[in-house]
Amino acid sequence: MAVNSVRVAAAQMTSVNDLATNYATCARLVKEAASAGAKLLCFPENFSFVGAKEGESLKIAEPLDGPIMKGYCALARESNMWLSLGGFQERGSDDAHLCNSHVLIDDTGNIRSSYKKLHLFDVDVPGGAVYKESSFTEAGKEIVAVDSPFGRLGLTVCYDLRFPEVYQQLRFHHGAQVLLIPAAFTKVTGEAHWEVLLRARAIETQCYVIAAAQGGKHSEKRESYGDTLIIDPWGTVIGRLPDRASTGIVVADIGFSLIESVRTKMPISQHRKPIEFWKKASM
């Protein structure tokens, strides 16, 4: 008989500029997720390291076969759990750049897929800091979706959330059923837009959304909004921590029958206009 649902978890944490400290936190959260019956745990962007000073992230950047990622592969294998590691500082093509990479590891400790963040956060946050992610990060060039026991997963990172065409591509051209959106939203942008954007992405794609978030103060200069969420294909929040800045996990069940039901009753994949239509309509 086909499995109709599977349990997943999303982590919330406050990463710092210490690899060992963050790894210990992740290991503890993996144990919590395993005890709750989850088979996939999604971590937020910058799970392994958040720099306190300019240039720190570049100094610790490594290839995916380096010791940092090998440690997380071992954690997945030892816990018999899939891990979504969103926002890993992967070494770039030169010493001045890294890639903001979302890495998916299976329960045997093997890397199944990786995605490089497409949209870089070059933003003057209203009332906040100025960010220039492109000054040290190479943008990705490919959309990534991968099959798993939890459905077909669409991999993205943080600022990608503001670009609905990515998620339209993942759903309608790559067959995604679950969208993974690890993030480290600022406090200002999170308060204004975090939940509404996530629910919109779920509703317009009829996908589950798993949004693991950094929350709390990482250093004197940096604070993340938090509010880790799991949302169903109807746009209902089905998982949320009671404290948006605390460290912990939220657990929910992915229901494949719900995905099918929502898509059958409102068949937007049949009703949406092809790109050729819009080209003609705008002439």
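**Sheet, cores and salt bridges in a predicted model**

In the predicted model, Leu179 stands opposite Val209 in strand 12. Three bridges join strand 11 to strand 12, and the two strands run parallel. Strand 12 covers residues 208-211. From this strand, Tyr208 and Ile210 point one way, while Val209 and Ala211 point the other way. All four are buried.

Strand 11 also pairs with strand 10. Three bridges join the two, again in parallel. Here Gly154 stands opposite Leu179. Gly154 belongs to strand 10, residues 153-155. Its relative accessibility is 0%, so Gly154 counts as buried. Beyond residues up to four places away in sequence, Gly154 touches Val144, Ala145, Leu170, Ala176, Val178, Leu179 and Leu180. Gly154 and Ile249 are 95 residues apart in sequence, and their C-alpha atoms are 21 Å apart in space.

Nonpolar cores come next. In soluble globular proteins, nonpolar side chains tend to be buried together. The largest nonpolar core holds 48 residues. Within this core, Trp194, Leu198 and Ile210 touch the most other members. Leaving aside neighbours within four places in sequence, the contacts of Trp194 include Leu161, Ile181, Phe185, Ala211, Tyr225 and Leu229. Thr189, Gly226 and Asp227 are also among the residues that Trp194 contacts. A second, separate core has 26 residues, including Cys26, Val30, Met81 and Leu83.

Side chains of opposite charge can pair when their charged atoms come close. The structure holds 13 salt bridges. In one of them, Glu45 pairs with Lys117, and the closest N and O atoms are 3.4 Å apart. Glu45 lies in the loop between strand 2 (40-43) and helix 2 (56-60), and Lys117 in the loop between strand 5 (111-116) and strand 6 (122-124), so the pair ties together parts that are 72 residues apart in sequence. Both partners are buried: Glu45 has a relative accessible area of 4%, and Lys117 has 2%.

Asp106 and Arg112 form another salt bridge, at 2.8 Å from N to O. Asp106 is buried at 3% relative accessibility, whereas Arg112 is partly exposed at 46%.

Arg240 forms a salt bridge with Glu195, with the closest N and O atoms 2.5 Å apart. Arg240 sits in strand 16 and Glu195 in helix 5, 45 residues apart. Arg240 is partly exposed, with 37% relative accessibility. Glu195 is also partly exposed, at 27%. Salt bridges that share partners join Glu195, Arg199, Asp227 and Arg240 into one network.

Asp232 is buried yet has no salt bridge. The nearest side chain of opposite charge is that of Arg199, 7.8 Å away. Asp232 lies in the loop between strand 15 (229-231) and strand 16 (237-240). Apart from residues up to four places away in sequence, Asp232 touches Ala202, Cys207, Tyr208, Ile238 and Leu258.

Key: Residues are numbered from 1 along each chain as its sequence is written. This is a predicted model: local features need pLDDT of at least 70, side-chain atom pairs count only at pLDDT 80 or more; totals for chains, interfaces and linings use all residues. Side-chain values use heavy atoms; hydrogens and water are left out. Buried means under 20% relative accessible area, exposed over 50%, partly exposed in between (1.4 Å probe, protein chains only). Contact means heavy atoms within 4.5 Å. Lys and Arg count as positive and Asp and Glu as negative; His and the chain ends are not counted. A salt bridge is a side-chain nitrogen of Lys or Arg within 4 Å of a carboxyl oxygen of Asp or Glu. A nonpolar core is a set of buried Ala, Val, Leu, Ile, Met, Phe, Trp, Tyr and Cys residues joined through side-chain atoms within 4.5 Å. Two strands pair if DSSP finds at least two bridges between them.
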